[in-house]
Amino acid sequence: MKIAAFLQLYNESSNGHLLRCLENCHRWADLIYIYDDASTDDSHEIYLRFTPASRIIRGQTREFTREIFHKQALLELVQLEGLADWIVWQDGDAVLDANLTDRDGLRRKLELV
């Protein structure tokens, strides 16, 4: 079972959330996909520490109101790769509970579904 984290982010590095969020995702996700909504801080450099550039979509202008289109673009990317069995949409200022952050904890919960 492969679990993918999906994130739509904008300037989360400058407010201090990005590193905490990505470190958390790295604990439970096999794959991390990011739609960057035209960040102007150093977010992109931090993304690259957790996922390859091929799993990052960089928006040219900030368009947070087009979130559904950004999710669609991420879905198309993950379908193209064909690697994920589960997708978890994660907000940039949130982390999963400690009971789920190890890879087996979240997998056990998903197997019950």
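Of the 21 residues in the largest nonpolar core, which touch the most other members? This tour of a predicted model begins with that core.

**First stop: the largest nonpolar core.** Select L7, L22, W28, I32 and I34, for these residues touch the most other members of the core. Next, colour the elements β1, α1, β2 (31-36), α2 (43-47) and α4 (103-111), each of which supplies at least two residues of this core. The helix α1 gives the most, with 5 residues.

**Second stop: W28.** Return to helix α1 and select W28, which lies within it. Is W28 buried or exposed? Its relative accessibility is 0%, and therefore W28 counts as buried. Now display the side chain of N24 as well: a polar contact of 3.0 Å joins the side chains of W28 and N24. Although W28 and K2 are 26 residues apart in sequence, their C-alpha atoms are 9.9 Å apart in space.

Select residues 31-36, which form β2. This strand is mostly covered, with 6 of its 6 residues buried. Show the side chains and compare their directions: L31, Y33 and Y35 point one way from β2, whereas I32, I34 and D36 point the other way. Then centre the view on I32. Leaving aside residues up to four places away in sequence, I32 touches A5, L7, L22, C25, H26, F50, T51 and R55.

In which sense do β1 and β2 pair? The two strands are paired in the parallel sense, over 6 bridges.

Finally, display the surroundings of E12. Not counting residues up to four places away in sequence, E12 touches H17, L18, D41, S43, G92 and D93.

Key. Residues are numbered from 1 along each chain as its sequence is written. This is a predicted model: local features need pLDDT of at least 70, side-chain atom pairs count only at pLDDT 80 or more; totals for chains, interfaces and linings use all residues. Side-chain values use heavy atoms; hydrogens and water are left out. Contact means heavy atoms within 4.5 Å. Helices (H or I, at least four residues) and strands (E, at least two) are DSSP runs, numbered from the N terminus. Buried means under 20% relative accessible area, exposed over 50%, partly exposed in between (1.4 Å probe, protein chains only). A polar contact is a pair of N or O atoms within 3.5 Å; within protein, one must be able to donate a hydrogen and the other to accept it, and residues adjacent in sequence count only if both atoms are side-chain atoms. A nonpolar core is a set of buried Ala, Val, Leu, Ile, Met, Phe, Trp, Tyr and Cys residues joined through side-chain atoms within 4.5 Å. Two strands pair if DSSP finds at least two bridges between them.
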